[in-house]
Amino acid sequence: MKVLDAQATRAALPFDRLLPALQSLFASGCEVPPRHVHEVPVPGQAGFTSLIMPAWIPGRYYGIKTINIAPGNAQRGLPGLHASYLLCDGSTGVPLAVLDGDAITHRRTAGASALAAGWLARADARHLLVVGAGQVARLLPHAYRAVRAIDRVSVWARSPAKAEALAAEWRQQGLPARAVPDLQAACGEADIVSCATLASEPVVRGAWLRPGTHLDLIGSFTPSMREADDACFAGAALYVDTEEALKKSGELLGPMSRGVFRAEDVRGTLAALARGEAAGRGSPQERTVFKSVGTALEDLAAAILAYESASAQGAG
């Protein structure tokens, strides 16, 4: 059984290979049952939550991602989230590899946003605005450069110091990046606005966005979370990663409850786009919105790619 730590997992998932792997599995499909959620008690202290996310391609691969979320870890000086991935043979159940689940999650999340932008962002989109400065946010310019000729990157975060630090990190990596203090002005200049925050109230407002802008919403994965106001959706072409987004994300549940749009107004999912069953952007002036909540399909696609890459290197 192979063991791929965080560095090895990241190295095995370059975006120019990860995006085609995601597109291929969205097109062909796989089995994705509902995730399991378990509350794990710890005697004498706060417990933690464990999410178990299985997915499989019958007869080929079977994978399980386990995510343990322990808010109390902050007091211990430890990260609050730890994820691991177990990939098995889909016929025999034999374990094939253990991979770093955090690296898989971060890269497949950024990769799914860029994959969607390949259909939804204007072909001439060059200016990317990243809202947020966390682990997914820092990957977004690299992911988007796999589908668009991004030559200008702006970043805004609630902490100006974190935005400045991230922009400096990107510049060291050769990206044309700068931190911006005025989010409204930055939204009005960007071709693509990608939000990766843990916000519970709108951060981006539709009135700030120009015609033709593509808005990518990553952060809201519970009913209480939200990054965009209702005006972001009004008159825009809306796409989601999976139909589960319509049941889980406050980003969508709130506007739907207020009649801003209906579930039937969603133009398509990533699977429908990948299969050619849904059309992408209709015109240069159209505003597009992509909302993702993540799916075990993406984890499985990334794990297979990483495992097969590592196996090929070992054989070589």
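Me: How many bridges join strand E5 (residues 81–89) to E6?

Reply: This is a predicted model, in which local features need pLDDT of at least 70, side-chain atom pairs count only at pLDDT 80 or more, and totals for chains, interfaces and linings use all residues. Residues are numbered from 1 along each chain as its sequence is written, and side-chain values use heavy atoms, with hydrogens and water left out. Helices (H or I, at least four residues) and strands (E, at least two) are DSSP runs numbered from the N terminus, and two strands pair if DSSP finds at least two bridges between them. E5 and E6 run antiparallel, and the number of bridges joining them is 5.

Me: Which residue takes a positive phi in the hairpin of E5 and E6?

Reply: Within this strand pair, Tyr85 has Leu99 of E6 as its bridge partner. The hairpin has 5 residues between the strands, and a positive phi near 80° is taken by Gly93.

Me: In what order do the 6 strands of the open sheet stand?

Reply: E6 (residues 95–100) is also joined to E1 (residues 2–4), in parallel, by 3 bridges. The pairing in the sheet is mixed, and the order is E1-E6-E5-E4-E3-E2.

Me: Which strands stand at the edges of this sheet?

Reply: An edge strand has a single partner strand, so one of its sides is left without a neighbour in the sheet. That description applies to E1 and E2 (36–42).

Me: What direction does H3 make with that of E5 where H3 packs on the sheet?

Reply: E2 and E3 (residues 45–57) pair in the antiparallel sense over 6 bridges. H3 touches E3, E4 (61–69), E5 and E6, contact meaning heavy atoms within 4.5 Å. Axes are lines fitted to C-alpha atoms, for helices over the stretch in contact, and angles run from 0 to 180 degrees between N-to-C directions. For H3 and E5 the angle is about 95°.

Me: At what angle do the axes of H2 (residues 15–28) and H3 cross?

Reply: These two axes come within 9 Å. Their crossing angle is roughly 75°.

Me: Why is H2 roughly perpendicular to H3?

Reply: Angles under 35 degrees count as roughly parallel, over 145 as roughly antiparallel, 65 to 115 as roughly perpendicular and the rest as oblique. The crossing at roughly 75° therefore makes H2, relative to H3, roughly perpendicular.

Me: Is Thr109 buried or exposed?

Reply: Thr109 is found in H3 (residues 101–120), where its side chain and that of Arg108 are joined by a polar contact of 3.1 Å. A polar contact is a pair of N or O atoms within 3.5 Å; within protein, one must be able to donate a hydrogen and the other to accept it, and residues adjacent in sequence count only if both atoms are side-chain atoms. Buried means under 20% relative accessible area, exposed over 50%, and partly exposed in between (1.4 Å probe, protein chains only). Because its relative accessibility is 12%, Thr109 counts as buried.

Me: Which strands stand at the edges of the open sheet of 8 strands?

Reply: The pairing in this sheet is parallel, with the order E9-E8-E7-E10-E11-E14-E12-E13. Each edge strand has a single partner strand, so one side is left without a neighbour; the edge strands are E9 (177–179) and E13 (268–269).

Me: Which residue caps the N-terminal end of H8 (residues 250–257)?

Reply: The buried residues of H8 include Glu251 and Leu252. A side-chain oxygen lies 3.0 Å from the backbone nitrogen of Glu251, and the capping residue that supplies this oxygen is Ser249.
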